[in-house]
Amino acid sequence: MTTPDSMPVPPKGAVPDAAAGRDPALDPGIEDPIFSVHGLSLHYGDKQALHDISIEIPRNRITAFIGPSGCGKSTFLRCFNRLNDLLDNVTIRGDILFEGRSIFSPEVEINTLRRRIGMVFQKSNPFPKSIYENIAYGPRIHGVRDRRRLDEIVERSLRAAALWDEVKDRLHDNALGLSGGQQQRLCIARAIAVEPDVVLLDEPCSALDPLATARIEELMQDLKENYTLIIVTHSMQQASRVSDYTAFLYLGRLIEYGVTEQLFIKPRKKETEDYITGRFG
Amino acid sequence: MPLARRIPPGTRQPGGEPRRIRGTTARRRLAADRFGRWLVAAGGVGIIATILGILLFILIEVWPLFGGARVEPLAGVRDARLDPAALVIDEYRTHAVSLDRDGRVRIVDLERGVVDDELPLAGDVGAPDGPPTALAPVSGRPVVAGGFADGRVVVRTVSFAISFDDTGRRLVAPEVSAPTVLAAPGTEGRTVVRLAVAASPAGDELAVAAAWADGTLHVFHTTREENDFTGEVETSVEDRPLEPLAGGPPAALAVSARGERVLAATADGRLALYEAGDPRPSSVSGPGAPVTALTWLVGDRAAVVGRKDGAIEVWFPIRDRGETRSRIVFVRAFPPRDAPIAVLAPSLRNKGFVALDRGGGAGLYHSTSRRTLWRGEAGEAARTLVLAPRADGLLVGGSGQLALWRVDNPHPEISLGTLFGKVWYEGYPGPAWVWQSTGGTDDAEPKLSLVPLLVGTLKGTFYSLILAIPIGVLGAMYASQFMHPRLRNAVKPVVEIMAALPSVVLGFLAGLWLAPLIQRVFPGLLLTLVLVPLAVIAAGAVWHRLPARLRHRVPDGLEVVAFAAAIVAAMWLSFELSPWVESMVFGGSFPDWIHAVSGIPYDQRNAVIVGIAMGFAVIPIIFSVAEDAFSNVPRTLISGSLALGASRWQTVTRIVLPTASPGIFSAVMIGFGRAIGETMIVLMATGNTPIMSWFPFNGFRTLSANIAVEIPEAPYGGTLYRTLFFSALLLFALTFVINTVAEVVRQRLRGRYADL
Ligand SMILES: Nc1ncnc2c1ncn2[C@@H]1O[C@H](COP(=O)(O)OP(=O)(O)O)[C@@H](O)[C@H]1O
Ligand SMILES: [Mg+2]
């Protein structure tokens with residue numbers, strides 16, 4: 001990551017608290033959001049990685065988080081399914097409401113939460129099992145035993161991930177034998193096999209060639225019908241191609257958030273403009 | 001090796017002075033690089049060479065075990081008067097005494113190759129008519145006997161007096177004793193037709209079995225007693241008549257040194273065994289080819305039978321439990337020879353013997369190992385032969401000549417069959433696997449079966465691994481997947497220090513402290529198997545019921561502290577309840593109870609003790625390797641599983657465990673290898689009894705402990721010494737095979753996860 005010295009650090013307090021009023025640069029006016037994030041801050045030990053972020057994520061839309069690498073996109077994304085809980089030096093302040101209820105409340109069953117909020121990782125991570133078992137893993141975990149139902153789920157998920165035709169003859173081969181792009185689509189299929197409401201995607205195409213990237217972008221458009229997608233990407237072209245809304249993060253802060261076309265064509269913040277015109281990052 | 005980086009020395013780089021500086025640094029770096037590479041290669045090759053060297057050394061020590069005997073001519077005597085029926089040779093192979101068919105005893109100097117002296121067998125005892133009618137065949141002992149037509153039997157013993165002349169040369173002076181005449185009432189005037197003679201190792205007892213033409217059988221037993229004060233020698237003779245065989249005088253006779261066992265062969269090839277206290281045979285075998293030669297082996301507990309059809313067989317007198325009389329039982333046969341067996345002569349050193357057939361073929365055999373160690377031609381003229389007392393020479397006699405052969409026969413009692421197969425030893429009711437390197441008596445043979453030691457090795461390994469594998473693997477799983485990192489960072493080094501504990505300390509504690517303790521509280525130990533899991537389940541249930549608020553206050557992975565308290569409490573309770581359980585369930589004493597139930601006595605130092613002590617040595621190794629295997633499972637897989645809503649337990653059992661399985665497998669295998677080779681703990685925590693039993697409450701002896709126990713007792717280069725090296729080789733091979741299999745399996749398993 002390269003951050004030119006000329007880049008002005010946003011002055012403290014420039015980002016108003018959500019409660020303080022509506023800032024058009026941060027609030028595109030989303031109705032019935034699936035997630036509402038309120039004043040979220042995150043520390044790795046003493047180091048603060050996220051600063052007081054408030055944002056609302058629309059239902060059945062694709063929201064993209066962009067920003068230079070190291071700005072906290074992945075960290076932020078992992079907050080939505082509480083995957084940061086695995087790290088022992090993380091402290092979180094603020095709140096995230098999912099369907100109006102805090103995901104941090106003690107009443108929340110974390111395994112159920114994670115079933116409803118799936119995730120696809122930057123580096124594809126199929127289990128060292130067969131293709132079939134990879135997809136069936138989630139449903140099995142959640143109690144599906146019936147072989148026929150599992151077969152159905154596997155086929156439906158693979159079709160939804162546009163992988164079925166390529167692998168239907170070798171469902172019982174090891175998933176590690178698939179190409180990188182196929183593995184990533186397998187991970188998407190695996191994520192939607194448990195019928196989540198939301199799929200979080202953390203730079204799903206960063207390790208893929210353009211053709212595989214195009215297939216996944218296409219796939220995301222199809223998935224939008226049924227799922228809310230949040231994608232982290234460092235590629236502005238990708239964000240502009242696929243997303244409906246885009247949030248720009250910089251140094252752990254939410255700088256600007258709005259409808260994608262508007263943000264790319266007419267950014268409201270100078271930092272955003274600098275970033276999308278490629279003057280840094 | 002990257003060729004491009006090799007710059008030939010002395011090559012000048014073009015470009016003048018500035019280049020030279022860079023050239024020298026490059027050259028120096030190259031030299032350092034080359035030196036480093038050389039050093040690493042030398043180290044690697046050195047290690048391989050050392051291991052191969054050790055292997056080679058062991059192989060060289062083991063190799064002679066399986067070689068045969070070397071027999072080569074040493075000396076010969078030609079004298080037309082010689083026509084031996086029996087021979088005696090001295091310990092140093094310098095002199096021989098030949099009992100010739102003309103009834104004369106001739107003393108032969110083997111070194112000079114001449115007949116020194118001769119005298120009539122009967123000497124001046126009366127004047128028997130003509131030459132002897134029967135001569136006792138070779139017994140291996142310095143005694144000769146002949147029977148005459150007048151019914152008398154004459155016995156003479158031979159001694160070789162040793163002295164040294166001025167130059168320190170050893171002088172051997174053969175002396176033939178005055179004749180002892182044996183006569184049985186009612187046999188006067190009847191021709192003696194068959195004789196056998198034997199003597200005790202000390203020479204103070206003689207036995208003669210004799211058969212007369214009418215079938216009468218007698219056994220004489222003479223005892224010489226020397227009065228310590230007066231020097232007077234008193235000889236007592238005991239004469240025992242035996243019931244005659246059906247079908248006339250025996251075809252062959254053999255007598256034991258004390259006369260208590262006589263074996264007689266009938267004309268139709270049956271063997272009749274006579275025992276002390278009964279004139280009737282206690283057992284008669286079935287018929288066979290006519291017996292042409294018969295002898296007891298040293299110790300008089302096995303007989304070798306040679307037959308007309310060339311068969312050579314070994315028979316044992318077996319006394320069944322509770323019986324007072326023995327059966328004569330066929331034990332084993334050797335490859336038959338082409339001609340009838342003429343003579344069988346026992347070795348005095350071991351259970352070996354030599355055979356001569358009528359075709360002049362000779363052979364050297366060993367009864368227990370069933371080996372034919374040598375076969376050769378003694379010549380058509382050969383009539384009899386005898387093994388030297390030290391079994392290092394073979395004297396063959398024929399009409400007009402004697403030939404002395406040197407015998408080099410270091411390890412006749414070892415074969416793969418005796419090391420691994422069931423062997424029927426003398427005095428045993430049947431074939432068995434036995435390790436007993438030294439016996440209670442001089443003529444007891446070493447029993448060197450490695451099978452009880454292999455069983456012991458596997459037993460110790462088994463009992464320690466059933467403890468160590470679950471604890472090691474599950475502990476590693478817990479530490480790497482569930483434990484709080486801060487606690488893990490403390491636990492791992494502590495467990496690894498456990499591995500550094502000298503095993504002699506563990507063995508010492510196990511043998512002297514743990515063994516008596518377990519004997520007292522074993523019921524408590526059993527109780528922990530029930531109460532500890534119950535306590536953990538109960539603690540889990542309580543934990544789950546706790547208000548979420550309270551539960552969330554304990555950091556993940558530190559719950560273990562609360563659980564540890566429950567486990568400790570359950571163990572304490574178990575041991576407190578031990579006496580109560582012992583009296584309620586085991587009738588007051590667990591060792592007595594287990595003895596009564598299983599029929600096997602409880603040993604204080606038993607396999608359970610070794611399991612615990614060796615488990616303690618193996619757990620840290622398994623833990624450490626398995627922990628690494630668990631920790632090396634990519635975090636992305638774990639995150640992937642958790643992100644699907646799997647619980648930590650589901651993630652561990654369904655993703656982490658299979659992925660880490662190659663590493664866990666090698667952890668188990670490394671533990672296995674350690675347990676197999678472990679010496680000190682088993683040495684100190686068991687009774688080292690080489691028994692074949694998988695029972696947990698008795699002892700055993702492992703290959704490694706056996707080497708430690710026996711090597712101080714094993715003379716350099718001896719059979720035991722080499723057998724111990726062989727067992728070391730076996731241990732070497734065992735670990736090698738286990739490690740190879742482990743590595744192959746691990747590579748296979750790993751292949752499945754290669755792309756992670
Ligand atoms: N596990 C962690 N422990 C400590 N710091 C972390 C950890 N993960 C990420 N960070 C830090 O947090 C910041 C944000 O990281 P990340 O969310 O991965 O950025 P992005 O995904 O935008 O590239 C970086 O400075 C990174 O070094
Ligand atoms: Mg990232």
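In chain B, the centres of domain 1 and domain 2, taken over C-alpha atoms, sit 65 Å apart. This is a predicted model, where local features need pLDDT of at least 70, side-chain atom pairs count only at pLDDT 80 or more, and totals for chains, interfaces and linings use all residues. Residues are numbered from 1 along each chain as its sequence is written, chains are lettered from A in the order in which they are written, and side-chain values use heavy atoms, with hydrogens and water left out.

**Domains**
- Domain 1 of chain B covers 70–303 + 373–410, and domain 2 covers 451–694 + 710–752; the bounds come from an automatic or database domain assignment.

**Interface size**
- On the chain B side, 22 residues are in contact with 26 residues of chain A (heavy atoms within 4.5 Å).
- The two chains bury about 2100 Å² between them, 63% of it on carbon and sulfur atoms (accessible area, 1.4 Å probe, lost on being put together, summed over both).
- A643(B), L644(B) and R654(B) supply 29% of the area that chain B buries against chain A, more than any other three residues.

**Who does the touching**
- α10 (635–643) and α11 (648–677) of chain B each bring at least two residues to the side that touches chain A (helices are DSSP runs of H or I, at least four residues, numbered from the N terminus).
- α10(B) gives the largest share of that side, seven residues.
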